[in-house]
Amino acid sequence: MTDASDLRRRTQDLLAAHPPATTDRTTFLEARFDAGLAWVHFPEGLGGLGLPRTLQAVVEAELAAAGAPDNDPRRIGIGLGMAAPTILQYGTEEQKRRFLRPLWLGEEVWCQLFSEPGAGSDLAALGTRAVRDGDDWVVNGQKVWTSSAHIARWAILIARTDPDVPKHRGITYFVCDMTDPGVEVRPLRQITGEAEFNEVFISGVRIPDDRRLGEVGDGWRVAQTTLNNERVAIGGSAVPREGGMIGKVTATWRDRPELRTHDLHQRLLDLWVEAEAARLTGARLRQQLVAGQPGPEGAGMKLSFARLNQQISGLEVELLGEEGLLYEDWTMVRPEQVDFTGRDAGYRYLRSKGNSIEGGTSEILLNIVAERVLGLPAEPRTDKDVAWKDLAR
Amino acid sequence: MSAPATTPDLLYSQEEEDLRAAVRDLLGDRCDPASVLARIESGEAHDPTLWKSLAEDMGLAGLLVPEERGGQGAGHREAAVVLEELGRAVAPVPYLTSAVVATEALLACTGPEADRLLAGLASGRTVGVLAVSLTGTPGDAPRTATVENGALHGEFTGVADARAADVLLVPGGDGALYAVDTTARGVAVTPRVSLDLTRPVDTVTLDGAAATRVADDAAGPVERALRAGAGLLASEQLGIAERVLTETVGYLKDRRQFNRQVGGFQALKHRLARIWLDLVNLRAVARSAADALATGSEDTDVAVAVAQTYAGRVAVHAAEEAVQLHGGIGMTWEHPTHLYLKRAKADSLAYGSAGRHKERLAELVDLRGPSA
């Protein structure tokens with residue numbers, strides 16, 4: 001089992017044993033997981049085959065060609081992109097066996113309890129407390145910006161277990177049961193009118209110690225795995241030319257010549273070129289990964305993506321003229337998944353404002369590029385050697 | 001709007017990296033900023049010894065020319081890597097004008113005269129220049145010389161590197177392409193005081209100059225030459241932007257004010273990070289254009305127009321920021337940053353401005369403007 005042709009054969013064997021046309025979706029997904037074709041870079045027995053991650057594309061291509069059902073990855077993106085790699089890296093054998101299969105199958109949805117009202121960019125300042133009580137931890141606090149919390153079965157949670165040491169050192173990483181009666185989920189209405197995120201109030205929730213991921217006090221390091229994967233997930237998928245936001249406005253431009261002005265024309269062409277440049281950068285990044293030469297270019301993808309989405313959708317509202325004054329619907333709904341290019345231009349304009357905030361603000365990401373890629377001096381730190389409990393808040 | 005059928009190869013091969021290392025090595029020894037500055041002060045724009053090393057000894061002038069026509073049989077991807085390095089060094093050699101643009105024009109021509117000239121250019125012993133303004137944009141009809149009894153008359157302005165040329169390729173009013181020896185009677189090359197002294201522009205005056213017919217149709221060769229020039233220029237612009245960013249970051253790590261490294265101030269860090277983001281995109285569009293030219297992709301016109309809409313702004317912005325972030329020293333003649341600013345600004349006009357390439361793109365991808 002070392003190369004692409006073996007993997008192709010194995011995928012064909014799965015398709016032969018469980019023809020998608022006559023196999024029920026859940027049965028097919030279970031068989032796929034058990035054949036090690038869910039995520040080939042995971043270990044055998046956990047949905048993978050211990051192969052290089054890049055070989056997953058071989059499986060996906062075969063399955064897509066055969067019209068096989070997928071596990072609706074957009075619905076379970078936090079589980080797939082953030083919880084799973086963290087559980088794989090830091091979980092016990094028992095945790096991996098318990099959580100990974102239902103996560104990948106989509107039977108159990110995951111959410112992420114990281115940000116707090118007082119801990120955004122400075123996530124390590126978080127104040128949700130977890131106190132040891134026998135074999136359990138008792139957790140109290142408030143989390144925010146939690147997408148999928150209202151449909152989630154489990155959460156990845158970071159909480160403060162030692163307030164007497166500097167902030168990065170006193171954090172521990174847990175798996176939290178979202179059905180616990182001490183977990184209260186309230187929709188958080190956004191500027192779009194809908195509530196894609198939630199506030200989560202945690203009151204006296206008991207988490208058994210065997211649902212801890214990694215060592216006590218090592219939660220910040222564990223969380224880096226989660227956060228690095230989040231940025232890859234937000235900036236990293238393949239798109240064809242005119243894919244994504246730019247395709248919305250070019251369609252309108254071509255269909256509605258009466259809306260065109262010279263000024264909008266120049267701005268549209270500039271944005272088209274920038275979108276194409278960003279698309280090629282993404283393609284180049286993937287080629288680097290396939291060639292085993294990962295570069296630092298990925299750090300910039302989310303920054304470009306956020307700025308372009310905002311400028312393109314802003315232009316689209318302007319292009320629409322009087323129609324740009326209208327909005328599809330302000331009714332508060334709680335969508336199960338988010339589509340940045342969905343609904344109308346007004347929605348896209350407003351939703352894209354979040355792209356430069358969620359998953360690391362553009363300002364923080366620029367710091368990261370400046371410090372880690374260009375090697376410029378880090379921001380002055382006044383909090384590094386101060387116990388968390390003594391920090392100004 | 002149809003997407004390109006295949007994804008271009010946007011990486012550098014090992015051979016391309018080896019080529020880069022060899023060129024960088026030579027330029028490091030022979031083309032440091034101080035020597036470039038000394039040369040332009042001497043009034044001699046070009047460095048013939050450096051040209052001989054690059055073009056003849058390393059064989060780089062023949063990269064685009066097939067072996068059976070006297071070249072190295074490499075391609076645009078390799079020439080692009082050479083141009084990145086020449087841009088990094090603002091090297092005063094006629095590589096883009098002779099080994100790319102004039103060479104491309106001759107590659108589109110057949111016959112013994114074209115073969116003879118091409119072999120000369122590919123060997124590096126002859127420098128050839130297309131007598132078209134450096135601002136000439138792919139798709140434009142070039143200015144032509146009047147043809148009388150086989151001799152040429154006319155004036156051509158804004159011709160880059162003409163003073164270094166042994167032979168000029170001149171579009172004739174009869175539609176043909178001619179070759180003119182610059183030492184022949186009736187040929188005058190008048191140097192102009194140029195913004196970019198490392199790639200200066202001249203006025204070429206032909207007054208009954210003897211000429212050899214190279215091709216019956218000049219339009220195809222000229223279009224091909226300008227398109228390749230525009231596409232590969234993006235790699236030179238990438239080299240410029242990369243060098244000024246590296247220099248500026250290095251300077252801001254050393255420079256101290258307010259008892260701190262100046263590069264630690266967030267306002268400056270963010271500006272530098274943004275240049276790096278632009279640079280990453282520029283590398284992708286430049287590689288895309290080079291690969292499209294190399295493979296003869298159907299998407300070449302779009303790839304070139306994208307590269308030239310994008311590259312000028314990025315390189316100029318990077319060089320302008322370099323001047324500003326170096327502070328007072330960046331305004332001095334003795335500091336090399338101005339060489340990069342001048343080359344970057346001149347390059348933003350070369351082979352079509354961003355605005356001209358956007359106009360082309362609007363047609364190519366069917367995003368037309370309001371009707372007149």
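**Notes on the predicted model**

1. In chain B, an open sheet is built from four strands that follow the order β2-β3-β7-β6, with antiparallel pairing. The edges are taken by β2 (146-148) and β6 (187-191) of chain B, each of which has a single partner strand, so one side of each is left without a neighbour in the sheet. On average, and with direction ignored, neighbouring strands of this sheet are turned by 15° against each other. As with everything that follows, this should be read with the reminder that the model is predicted.

2. The domain assignment divides chain B into domain 1 (14-127), domain 2 (146-217) and domain 3 (220-364). The centres of domain 1 and domain 3 of chain B, taken over C-alpha atoms, are separated by 21 Å, and 23 residues of domain 1 are in contact with 26 residues of domain 3 in this chain. On the domain 1 side, the elements that give two or more residues are α2 (33-42), α4 (76-88) and α5 (95-107) of chain B, and of these α4(B) gives the most, with 10 residues. By class, the residues on that side of domain 1 of chain B divide into 15 nonpolar, three polar and five charged.

3. Between the chains, 35 residues of chain B are in contact with 38 residues of chain A. On the chain B side, two or more residues each come from α7 (219-254), α8 (266-295), α9 (300-325) and α11 (354-364) of chain B, with α8(B) giving the most, at 13 residues. This side of chain B has 19 nonpolar, 11 polar and five charged residues.

4. In chain A, the axes of helix α9 (residues 298-319) and helix α11 (residues 362-373) come within 10 Å and cross at roughly 150°. Because of that angle, α9(A) is roughly antiparallel to α11(A), and the crossing of α9(A) and α11(A) is left-handed. From α9(A), the contact is made by A:Ala299, A:Gly300, A:Lys302, A:Leu303 and A:Ala306, while α11(A) supplies A:Ser362, A:Leu365, A:Leu366, A:Ile368, A:Val369 and A:Val373. Taken by class, this contact of α9(A) with α11(A) has eight nonpolar, two polar and one charged residues.

Key
Residues numbered from 1 in each chain as written. Chains lettered and ligands numbered in written order. Predicted model: local features only at pLDDT ≥ 70, side-chain atom pairs only at ≥ 80, totals over all residues. Axes fitted to C-alpha atoms, helices over the stretch in contact; angles between N-to-C directions. Parallel < 35°, antiparallel > 145°, perpendicular 65-115°, else oblique. Left-handed = near helix turned anticlockwise from the far one by under 90°. Contact = placed C-beta atoms within 7 Å. Nonpolar A, V, L, I, M, F, W, Y, C, P; charged D, E, K, R; others polar. Domains from an automatic or database assignment. Pairing = 2+ DSSP bridges.
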